[in-house]
Amino acid sequence: MLAYVIRRLFYGAGVVLGVLLLLFLLFFTVATPDDVARQALGEKALPDVIEQWKVNHGYDRPLWPWQDFDDNLFFDHYRRMLTFDFGRSDADDTPIMDRIRDGVGPSLALTVPMFVLGVVAGIVLSLFVAFFRETYIDRMGVFLCVLGMSISILLYIIGAQYLIGKTLRWFPISGFDADPSVMLRFLALPLLVGVVSGVGGDVRFYRTVFLEETGRDYVRTARAKGAGEGRVMARHVLRNALIPILTRVVVAIPFLFTGSLLLEAFFGIPGLGALTVDAIQGNDFSTLRTMVFIGALLFVLGQVATDVSYALVDPRVRLE
Amino acid sequence: MIRVLLRAALCAGLALPIACSNNPYPDSDRDAAVLYTTFREAPRTLDPAVAYTTSSHAVTGNVYDTLLEYHYLKRPYTLIPSLAVAVPEGRVLEDGRVAYRFELRRGLLYQDDPAFGLGEDGRLTREIVAEDVAFQLKRIADPAVNSPVIEPFRVLAGFAEFGEALAARRKDDAEFAALPAHEQYAALGPVDGLRVVDRHTLEIVLREPSPQILYWFAMPFTTPVAWEAVQYYDGKEGRPRFADHPVGSGPYRLVHYNKQARMSLEVNPNWHGVRHPEWKAPGTLFPSEGAPGDAEKGLLDAAGEPLPRIQRIEFLREKESIPRFNKFLQGYFDTSGIIKESFDKVVVEDRLSPEMAARGMKLEKSVEPSVFYIGFNMDDPTVGAEGGERSRKLRQAMSLTVDVEEWLRRFTNGRGVPAQSPIPPGLFGYDPDYLNPFRKVDMERARALLKEAGYADGIDPETGKPLHLTFDTYQTSPDQLLVIRFFVDAWRRLGLNVELAPTNYNQFQEKVRNGAYQIYMWGWIADFPDPENFLFLLWSELARSNSGGPNTSNFSNARFDELYKAMKVRPNDAERRAMVAEMRSILEHERPWIELHHSEDYALYHGWLDGVKPFGMSFPMVKYRGLDVAERAARREAWNEPLVWPVWVLLVGLVAAAVPGVVTFYRERQ
């Protein structure tokens, strides 16, 4: 298995290097350092000031190795990213690593409980509708899932802020406090939105998996031996449905670190999702490059982790 | 009791026992004089030499006091002394240069900060001296600081040379470059135009007259800065950077700074208004005189009260307008703008709606010192100066077609004053009786002018087809394009074929740099309240094509330039007014711009806030505001009582829906 993991990581490294190349082409040739400087300094900045900004940020060097092999932006870009020396934000000169360190806590405070609650709610609800299969509870459940999947998360957010925050006045409409004693007050609404908006797709998928399992021989055997339906679902079906569930769950885990773009932006949570949105809106290209790179890295790791998790939960799977 | 039990049940039911209130603030702040306000974009920097955005100025304007400031109530805007003893008068020197002498008040202190080290008196501060202002001005000249306002200070004698010498020496001498900034500045020797006469007196010498320079001393750019703070806050060994840790002398000091989420300011006990109320210095007491109408609005009720009237300011980040406005309606923010989506609910017939008035809210409208316009590229052969009379008439005809009142009604909820010239109301040179003959809709005259230009019915005689022009814009969203399409449609009625060419911002800039554009739309918000700050946008020496300056229309007119130079250095007298009027006439005739509007700010605030007068420019005036904390607490509680019954309805509904299914399911199985 180790050889397999190493091989997959090797392929992943190729993907990451390719992403870095695309990032360089996109951020240094499509949007030139001049453009970046102008965005950072604003419309009123004069040419001299723009030139000086480029000098101060190291953007005054040649782009390509054939222009100056020893000192060029192309090699520098690779070196920095691969050594996790992300440099400073184009927008405000803050070290990007500091911003990532500051943002990862609030992001995880939202995404981890949202992920756990989402998985638990998805499994419980799908077991529930699978248990009552082919009744109107099942049909109504599927209908609500499709309905839930069809609605944009933006509508969930605005609707929840209006209904729960403004009309029912249960939770603050937005905001964040890192103090653990009050953090939950602010996270309640985004958590609710995150879980509810994602649960429809999960329930539909898990329900299908469970229904497929309920038709198998071992389930019939369990029933024949007198096991109750609840026990069959919870002990036998759930355990055997774990592999497809894992596929969906494990691949999502690495992305918990990158936060949730929309939820963080709308609920004022200063996490990595909000950082990425800020970088997009503020043309902070150095931060954006870093976040895309981290996303690519996490994607590769997520894929490898999924494969490994197959082998761990299912003895039939061997990674060669 | 039942209500308490219900609420407890709700909380328990939702497994969120501490979350059952929509109050985002700690209970301990209930009766505190804290102003709650918002910011949208994280400040890029709090270095006063660099900070140039609204969110940065919200902090730097309160933390850094300036030598001069504006009178809070008087209009037109009037400069008053702040850290300086008096507003200096210009003195013409023998060589024709002009000197301004600033005398600082004695005994001014910086806020307490570890950067200063423990002084003899056991305090972490020191006195503000004239050298600190000179240091800050040198920082503006320093290329490494990247100050965006370097240009207006080039008028200081020796200023530009200092910056060049600094850059050159750093390049050649690594040892010099490693020195702290203030030692580098000292090593280069004195700057001719910055003379520290004594500990409390600074004289600046301008190469040529420039009365507008005084306005810059009412902005945080020129605040005194302690070299110790710049040196200490270097971002090393766990210390923040100076750009993230302001050390000022203003009415407030920054006590919490998480620019992604929250910034808190508290009263600075070292501010001279707090330490020396007996000075009764301007800017430390609420003014006792204002503009006509201020007394009737109750703005003089707080006359003579010591400032600041609010003890703490909480800036909370709200990126999205809808939640921000909803929290204002709940009473959790004290002030707000009006979002487009709720405009009709808040403003009815240009006044506050009865619903909002009943909640005790107030509305203040003010015209901002700004101008928005459609510009022509005067270097273009078709619409520009090269085409002579033919192009001029084309521009005049196009100007006569744009119905700005209808445009404002459709796209800005009517917020904005139609512009007759570049100069907005409230500024010297603005004439309320002046009506630009080309800024009204007159299709008949427009068609006649077009015919005289050789484009009868909009047809280009060279092609036999409608004259094809291009409107370049960096707006790409459908909403934004709709705003511009309004003008294109208006010109189409003249028979012209104006093509909309949306590109991204960078491509648009590229086009502008290369002169590859004909028509564009832009705006300008004043740095200071003087007609010069608008008319320089059309001065040929700042043309985009030859200097990269802000004259994007590349307008060049010898008489306009001559008047501009003369007007720039004159005091506000009748002759200056006449010069501005003549420049306005040139623009009226030449039409490098089609003036659209001066933007209007609608500020909404709760009745518990007093002393609110919109200022127009980006200067924080929080120190003048007052709060009725008891009323705010009472209103908030009344407006935000949680509704519990929907939970029970929901639960009962879910059970009622599920029970028959469950019963049927088990019955069938049996």
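A: Start with one term: two residues are in contact if their C-beta atoms, placed from the backbone, lie within 7 Å. Keep in mind that this is a predicted model. Now apply the term to chain B. Of its contacts with a separation of 6 or more, 66% are between residues 24 or more positions apart.

Q: What secondary structure does chain B have?

A: Chain B has 23 helices and 25 strands.

Q: How many residues of chain A are in contact with chain B?

A: The general idea comes before the count. The size of an interface is often given as the accessible area lost when the parts come together. Here, we count residues instead. On one side are 44 residues of chain A, and they are in contact with 46 residues of chain B. Several helices of chain A give two or more residues each to this side, including α2 (33-41), α3 (47-56), α6 (136-150) and α8 (180-214). The largest share, five residues, comes from α3(A).

Q: Which classes of residue make up the side of chain A that touches chain B?

A: That side of chain A has 25 nonpolar, 10 polar and nine charged residues.

Q: How do α11(A) and α14(A) pack?

A: Look at the angle and the distance between the axes. Helix α11 (residues 242-250) and helix α14 (residues 285-313) of chain A pack at about 155°, with their axes 9 Å apart. An angle over 145 degrees counts as roughly antiparallel, and that makes α11(A) roughly antiparallel to α14(A). The crossing of α11(A) past α14(A) is right-handed. From α11(A), the contact uses A:L242, A:I243, A:L246, A:T247 and A:V250. From α14(A), it uses A:A305, A:T306, A:S309, A:Y310 and A:V313. Together these residues divide into seven nonpolar, three polar and no charged.

Q: Why do helix contacts come from residues spaced along the chain like that?

A: An α-helix has 3.6 residues a turn, so residues three or four places apart point the same way.

Q: How do α6(A) and α8(A) cross?

A: Their axes come within 7 Å and cross at roughly 135°. α6(A) and α8(A) are therefore oblique to each other. This crossing is left-handed. α6(A) brings A:G141, A:V142, A:C145, A:G148 and A:M149 to the contact. α8(A) brings A:V199, A:G200, A:G201, A:V203 and A:R204. By class, the contact of α6(A) with α8(A) has five nonpolar, four polar and one charged residues.

Q: How many residues of helix α9 of chain A are buried?

A: A residue is buried if 20 or more other C-beta atoms lie within 10 Å of its own. Helix α9 of chain A covers residues 217-224. Of its eight residues, the number buried is zero, so α9(A) lies largely in the open. After α9(A) comes A:G226, with a positive phi near 95°.

Q: Where are cis peptide bonds found?

A: One joins B:R75 and B:P76, with omega about 0°. B:P76 is in the loop between β2 (68-70) and β3 (79-81) of chain B. Another joins B:L307 and B:P308, with omega about -5°. B:P308 lies in the loop between α9 (272-275) and β10 (312-317) of chain B.

Definitions and conventions:
Residues are numbered from 1 along each chain as its sequence is written. Chains are lettered from A and ligands numbered from 1 in the order in which they are written. This is a predicted model: local features need pLDDT of at least 70, side-chain atom pairs count only at pLDDT 80 or more; totals for chains, interfaces and linings use all residues. Helices (H or I, at least four residues) and strands (E, at least two) are DSSP runs, numbered from the N terminus. Ala, Val, Leu, Ile, Met, Phe, Trp, Tyr, Cys and Pro count as nonpolar, Asp, Glu, Lys and Arg as charged, and the others, Gly among them, as polar. A residue is buried if 20 or more other C-beta atoms lie within 10 Å of its own, exposed if 12 or fewer, and partly exposed in between; C-beta atoms are placed from the backbone. Axes are lines fitted to C-alpha atoms, for helices over the stretch in contact, and angles run from 0 to 180 degrees between N-to-C directions. Angles under 35 degrees count as roughly parallel, over 145 as roughly antiparallel, 65 to 115 as roughly perpendicular and the rest as oblique. A crossing is left-handed if the near helix is turned anticlockwise from the far one by less than a right angle, and right-handed if clockwise.
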